[in-house]
Amino acid sequence: MQKNIFFLFNLLQDVAVLRPLVRLSAEVTRSRKLLMVSSAFLKRDKTGAWLREIDDLAESVRGAVREFDTPFEIAARMAEGDGIVFAGSESALNAHRETHAAFRAAPGRYLKVTVQHGFECIGFLHNARHDTAFGRTVASAADVLAGWFPAERCTSLASGEAGKVICTGPTSLLPQAAEAWKVDYDVEGLICENLHSVRFGTGEASRDAFMVAFNGFASALDTQGLKVGLRPHPASKRVFDMAAAPNAVKIADPIYRLPLARFAYAFSPPSSVVIDLIAAGVPTAVWRDPHGDMDVGHYAGLPLVSLPGDMLAFRERALEQRAELLAAQDAFLRRTGILTDPAEIRRRFVSLIRRGLKEEAREEVAVRARSALVVADNITATQTISFSAPFAHGGALDGWSLHLRRHHVADDAARIDRTLDAAAPDVVILSRLTASTAPQWIDQARARGAAVIVHLDDDLLSVPPEIAKTRVVDYCDPKRLAALRDGLDRADLVYASTPALAERLREYGGGAKVVAGTVYRAHDGALTGPKRTATPTFGYMGTGSHAADLDMIAPAIAAVLDRHPEWRFEIMGSLAPPAALDRFGDRVRSHPPTADYDAFLARLSGLGWWAGLAPVRDTPFNTCKADTKWVEYTVSGIPTVASRSKVYADACADGAGLLAGDTAEWSQAVEHLLSDAAEGEALITRARAKLADIYSMDRLAGQVADILHQAIDEAKTRA
């Protein structure tokens, strides 16, 4: 029987609630995934931005998006097979009627799960205004209520609902790769609003008071030349006149795309975003109306502000007494009873998914005998490629569990200990970790008997200034360089992504043994394309740090476009086209970056390029790089033209790609592929054969497993 997982999206905020679960389901099962979007959701999504988020999410997990208008449409799709269905907001309330009706219509073969979508959440935990507006008899049609805390803490459950509660913790705390920030907002602090909320009552007095506080605070910062961010709630219906606060920056990104930890402080009325901010280590104050009508009882222990002067005073505390505020916030979070351990949250949701799919015989904990903890400045594609993907694949890594941990500005000995307690790692991997706490991670890991690996996929000790300034992390900071050198000296093993990088790191010296991988970006068996646009089109994908590489071949690109007026060139990523191509107008097109790595690959394969370019300047920094672009183009069905360099020599050998040096060679290689579609298809066939033979996920999993065991052996030798 077909195994299915349904995800029901009805409110806009359901996207943030269900997104981590969708991604988790892709990690633990190959069951069919259907992302069902209600007609009410589409009406609420005025700009279509949230539907695009769902589309990208579906692409990344190879799921399908379907719209529904009545519960019977969902029931019809459930007719074949069984499984589990998740809703991010479901109850007998009118606002949830679409998902409530869908649950009532679902066949009994499906396990129906309502996920607690917020701290103060209908049917789980109410504030006074919730009780006034909705009472305490709001029931659910779910079989399971996935709560943030145990049933005894859910004080607003309707009669008979307590037995449904399973404490899973918030989905937002599930371990997952950090998003790449599309915009680096130049603001000091963040102010969040939820003026549509029932917490503000039916009148406008409290809402007006909030705007007075916001405008007054922003004006005070403006006199100091500082900016502040304003984040509207996803369901906000208010149009903000930013003219009253010209130094305020409206930040409408989804919460999972915001670099919360980079804000110096934050303010919010009572809302679940307060929990997000606290979990991210941001000093946070709760805004309450000046008359005290708003119920803030569940936030007892957190600072309260009402007037601009209160906000300014809290700002000073956040800047001068950050550690004290963060310690108080950690204590508050513990008092709430919210389950906050990411590894345990993952285990409980995995168990729930397998229960719904009737796969309970697979007890994950029983087979996961060893544990690895990856700690990084940010969890990016590097950690996904190097660790998440091979661990998810299994193979030689069967018997290992993986935990990902992003560096936190508030990290200290106690926070590091809590992470080590939760993960109980046999090996701690400091992946591109340059934070000043890196030596402390080594010390505390060693104290527990864990082996330590320093993992690098770039020569971070010699990042060129023109590249360093494009990165979120300043790799030229002397403190970060000192932390890196300490790791190279004291780790049990240094794992370099390429032999060239390993040789460079050995030249720097250090007490740790340096080993290199032969595979960096592996292939997981899923192939798309080749797909071709009707008009011959070639392209380049990359980030802003690679602008100089693209500029290097801009004359060749221009020559091709000059000789072939019907051809087009495209860029995918966060860099602008070279100025030399401005004269070609709309024949040169840009596609925005996609933060989720799997969604990025799906989008790349859909572009239909006849050739993908992989230029790399011949510099000491670049010679240590991996041939990742060749792998990504090949997986996407795009023939590669790359720089004639050590980086791409092996990948493109044997007709698996074309190599070019000067302008003439670049233009000739592109013209060869765009003039002969059959040659491009033959090249991709050869490239994919090499991909399967040399770049397999089995091979990468074996490589990582071998390095883990080497580190454990080295640690025993040191001991």
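Here are a few friendly notes on the aromatic rings in this predicted model.

1. Let's begin with the overall count: the structure holds twelve aromatic pairs. One of them brings together Phe-6 and Tyr-110, whose ring centres are 5.8 Å apart. Their planes meet at 75°, and because an angle over 60 degrees counts as edge-to-face, this pair is put in that class.

2. Next, have a look at Phe-217 and Tyr-265. With ring centres 6.1 Å apart and planes at 90°, this pair is edge-to-face too. Phe-217 is part of helix α7 (residues 205–222), and Tyr-265 is in the loop between β10 (248–250) and β11 (266–268). The pair therefore ties together parts that are 48 residues apart in sequence. Phe-217 and Tyr-265 are both buried.

3. Finally, two arginines deserve a look alongside the rings. Arg-19 has its charged end over the ring of Tyr-256, 4.1 Å from the ring's centre. Likewise, the charged end of Arg-485 sits over the ring of Tyr-508, and here the distance to the centre is 5.7 Å.

How values were computed: Residues are numbered from 1 along each chain as its sequence is written. This is a predicted model: local features need pLDDT of at least 70, side-chain atom pairs count only at pLDDT 80 or more; totals for chains, interfaces and linings use all residues. Side-chain values use heavy atoms; hydrogens and water are left out. Rings of Phe, Tyr and Trp (its six-membered ring) pair if their centres lie within 6.5 Å; planes under 30 degrees apart count as stacked, over 60 as edge-to-face and the rest as tilted. Helices (H or I, at least four residues) and strands (E, at least two) are DSSP runs, numbered from the N terminus. Buried means under 20% relative accessible area, exposed over 50%, partly exposed in between (1.4 Å probe, protein chains only). A charge sits over a ring if NZ of Lys or CZ of Arg is within 6 Å of the ring centre and within 35 degrees of the ring normal.
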